[in-house]
Amino acid sequence: MTQTRTRLERGRAALGPALALVHTGRAPTRAVLTAELGVTRATAGAVAAELESLGLIRVDTRPTVEAGSQGRPSHRLQVDPDGPVVLAAQVHADGFRAALVGLGGRIIATTPGCMTVPADPAHVLGLVVAAGAELLKSTGRDCVGAGLAVPSAVAEPEGTALNPLHLAWPAGAPVRDVFAEQIEAHGVTGPSGAPVASFVGNDVNVAALAEHRHGAGRGAQHLLVVATGHRGVGGALVLDGRLHTGSSGLALEVGHLTVNPEGRPCHCGSRGCLDVEVDPVAFLEAAGRPTGPEVSLLDSSARLLRTEYDDPRVRSAAEVLIDRLGSGLAGLVNVLNPDRIALGGLHRYLFEADPERLRAVVADRSLWGRSGSVPILSCSLDHNSLVGAAELAWQPVLDDPLDALAG
């Protein structure tokens, strides 16, 4: 026991990195964990044992030996399916949803999506936190944090939503403070009995973080994500595993790239921005379909692309939006030089409808053309903004598991 504790003290600094490796699926066995951390087998074993004692991972000491393998089989590692969770919430123009998310980006439980969003931030955040608190009560899970995704740039360090245009919230709404107040009011507490820490991020930013750790962006060094959910367009850049948010959290407002100089007026005061030219409203209007509040704009657009693409007006609308999206992506490629692009929301469905057209537009209009083409993929996670909001709340645990769970 003394030897194990001594090894653990030497490996204390490795606990967070080790958990992050298991969390993202990059250390499926103790042998891989040992190699990735650059520690001895004994230290890796002590680190894994401590993470298991904290209820964060499980160590399978009886792994199946693969045919033709050499040497001693290594213990398999996985996140503990019965471990703690974080409360994740998302608010968007067509509604809101709460979920419990475990390590590994696993959604443990979720509420049905609500289709209306009150104009008062405290009202809607109270509703979504209340729904999350009910999930915690019904599942009996321990909660270690709470994360919220909103369709607005979020200024740091204040945690204010600067431009929640599509929610009818006031500019500069103090969403982090309001979210924290609702967490406390609804009794969402951590291991120590104190209210859990609250985090807020832009919905596309956190979706990019989730895709990088668990989805289409795995392994990318410079991942660009561009997406439109229900209204407007957002973008995010993940550099070496960390979100690039600029000096105050406002970087990558890609929705305000001009792609049609004679196009629709934009909320920013310009005209023809991605935000108003390549979102579900623009697509449905171009296709001659209704954009009423009774149906999700994103769901309506996706259904149209999947089931009625042979309709000439639908196809023509899609081609126009693909060309404008490609033009915007080409400009971003020229400036950012990403090694992968992942598309979400409507952009994913436009890409899947005609991938070669989009790739050709990006190649033709980017500086390096086809010789410097960037892989373009669809985002692969369901509810990636919810998973990404959870990533914000999991980060303190990934940074220092002992400290986070003790507090």
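Arg213 sits in helix α7 (residues 203–214); helices here are DSSP runs of H or I with at least four residues, numbered from the N terminus. The model is a predicted one, where local features need pLDDT of at least 70 and side-chain atom pairs count only at pLDDT 80 or more, while totals for chains, interfaces and linings use all residues. Residues are numbered from 1 along each chain as its sequence is written, and side-chain values use heavy atoms, with hydrogens and water left out.

With a relative accessible area of 11%, Arg213 is buried (under 20%, 1.4 Å probe, protein chains only). Setting aside neighbours within four places in sequence, Arg213 touches Thr24, Arg218, Gly241, Glu391, Gln395 and Leu398, contact meaning heavy atoms within 4.5 Å. With Gln395, there is a side-chain to side-chain polar contact at 2.6 Å.

Now for the helix pairs. Helix α5 (residues 121–139) and helix α6 (residues 175–185) have axes that come within 9 Å and cross at roughly 45°. That makes α5 oblique to α6. Pro121, Ala122, Leu125, Gly126 and Val129 of α5 meet Val175, Val178, Phe179, Gln182 and Ile183 of α6.

Helix α2 (residues 15–23) packs against helix α4 (residues 41–53) at about 75°, the axes being 10 Å apart. The two are therefore roughly perpendicular (65 to 115 degrees; under 35 is roughly parallel, over 145 roughly antiparallel and the rest oblique). Here Leu15, Ala18 and Leu19 in α2 meet Val47, Glu50 and Leu51 in α4.

Key: Axes are lines fitted to C-alpha atoms, for helices over the stretch in contact, and angles run from 0 to 180 degrees between N-to-C directions. Buried means under 20% relative accessible area, exposed over 50%, partly exposed in between (1.4 Å probe, protein chains only). A polar contact is a pair of N or O atoms within 3.5 Å; within protein, one must be able to donate a hydrogen and the other to accept it, and residues adjacent in sequence count only if both atoms are side-chain atoms.
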